[in-house]
Amino acid sequence: MNIAHGPLSADVFKGREKLVVLAPHPDDESLGCGALLARAFAGAGAHVICLTDGSASHPGSALWTPQRLSALRHAEMARALDCLGGSARDLTWLGMADSRLYQADATGVADTLEQVIEGIDARQVFVPAAEDHHEDHQATARFASELRTRRPDWSFYSYPVWCRWDDPEFRQTITRHAPVYLTLGDMQERKWAAIRAHRTQLGQIVTDDASGFTLPPGFIEKFVSEDEIFWRMP
């Protein structure tokens, strides 16, 4: 773990401080923060707040209606947390409309997030990077910005998902943030198992929607073989 730069606490990356991960969709927690969560579950504890219901990944499926798909993705996320050393008790499922977070009232969402985080007594909050191009990720970052203005006593960190994959200038882009690189180490297998738990996103469940979403193979390899990356939220 490189913690040479930036005003960051090493303890949170070693599992010594309880933390919260905001996940726009079920699977973002495992992809971006799997090793971080596994260390936290083995130590001070962690909680994941999933904002959307994940129901928009296969809109062309007749067999998997949005309601049915949402229920399955909720179950997959609980299994993923189990793989990381947590349980369904460590998950808050907000169930907001997938791919529609930009329509949500930021103040209202921030109210909900603040209540949940206060209830679990955590002060370390991990948020999708604003550099991610997915609208739900950007909306989640906006909600966190609203929350940060209220809670200067909490620490907020960004974690990248999609910009690690589709931004050719990613390394140069994040240099200004003085990022922390967290090695997967002995948590690599736990992280890989958690990603595999999201079977709908691996093309293993929904078979009647050829245009449905599937995580690209090279994308998965990047997240199970490379360090996790975090920086202080700008």
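Trainee: Is H47 buried or exposed?
Mentor: H47 is buried, since its relative accessible area is 7%; buried means under 20%, exposed over 50% and partly exposed in between, with a 1.4 Å probe and protein chains only. Keep in mind that this is a predicted model: local features need pLDDT of at least 70, side-chain atom pairs count only at pLDDT 80 or more, and totals for chains, interfaces and linings use all residues. Residues are numbered from 1 along each chain as its sequence is written, and side-chain values use heavy atoms, leaving out hydrogens and water.

Trainee: Thanks. Where is the place of H47?
Mentor: H47 belongs to strand 2. Helices (H or I, at least four residues) and strands (E, at least two) are DSSP runs, numbered from the N terminus.

Trainee: And what does H47 touch?
Mentor: Leaving out residues up to four places away in sequence, H47 is in contact with L19, V20, V21, R89, D90, L91, T92, V116 and I120, where contact means heavy atoms within 4.5 Å. The side chains of H47 and T92 also form a polar contact of 2.7 Å. That term is for a pair of N or O atoms within 3.5 Å; within protein, one must be able to donate a hydrogen and the other to accept it, and residues adjacent in sequence count only if both atoms are side-chain atoms.

Trainee: How many residues of strand 2 are buried?
Mentor: Seven of its seven residues are buried, so strand 2 is mostly covered.

Trainee: How many bridges join strand 1 to strand 2?
Mentor: Five, and strand 1 (residues 19-23) and strand 2 (residues 46-52) run parallel; two strands pair if DSSP finds at least two bridges between them. L19 stands opposite A46, while V20 has H47 as its bridge partner. Right-handed here says that, with the strands pointing away from the viewer, the path from the first strand over the helix to the second runs clockwise.

Trainee: What about strand 2 and strand 3, how many bridges there?
Mentor: Four, also in the parallel sense, with T92 of strand 3 as the bridge partner of I49. Strand 2, helix 3 and strand 3 make a right-handed β-α-β unit.

Trainee: Zooming out, in what order do the seven strands form the sheet?
Mentor: The order is 3-2-1-4-5-7-6, in an open sheet with mixed pairing. Strand 3 (91-96) and strand 6 (180-182) are at the edges with a single partner strand each, so one side of each has no neighbour in the sheet. On average, neighbouring strands are turned by 25° against each other, direction ignored. Helix 3 packs on the sheet, touching strand 1, strand 2 and strand 3, and makes about 155° with strand 3; axes are lines fitted to C-alpha atoms, for helices over the stretch in contact, and angles run from 0 to 180 degrees between N-to-C directions.

Trainee: New topic: which residues have the most contacts inside the largest nonpolar core?
Mentor: F13, L19, L37 and F126, in a core of 41 residues. A nonpolar core is a set of buried Ala, Val, Leu, Ile, Met, Phe, Trp, Tyr and Cys residues joined through side-chain atoms within 4.5 Å. Helix 2 gives the most to this core, with eight residues. Another core lies apart from it, with 23 residues that include I49, I120, A139 and F143.

Trainee: There's another histidine I noticed. Where is H58?
Mentor: H58 sits in the loop between strand 2 and helix 3, and its 4% relative accessibility makes it count as buried. Beyond four places in sequence, H58 touches W64, L69, T200, Q201, V206, D209, G212 and F213. Its side chain reaches the backbone oxygen of F213 at 3.2 Å.

Trainee: How many residues apart in sequence are H58 and T200?
Mentor: They are 142 residues apart in sequence, and 9.1 Å apart in space, C-alpha to C-alpha.

Trainee: Last one, on backbone angles: what is phi of D121?
Mentor: About 60°, a positive value although D121 is not a glycine. D121 is in the loop between helix 4 and strand 4 and counts as exposed, at 62% relative accessibility. A178 also has a positive phi, near 50°, and lies in the loop between helix 7 (170-175) and strand 6. At 22% relative accessibility, A178 is partly exposed.
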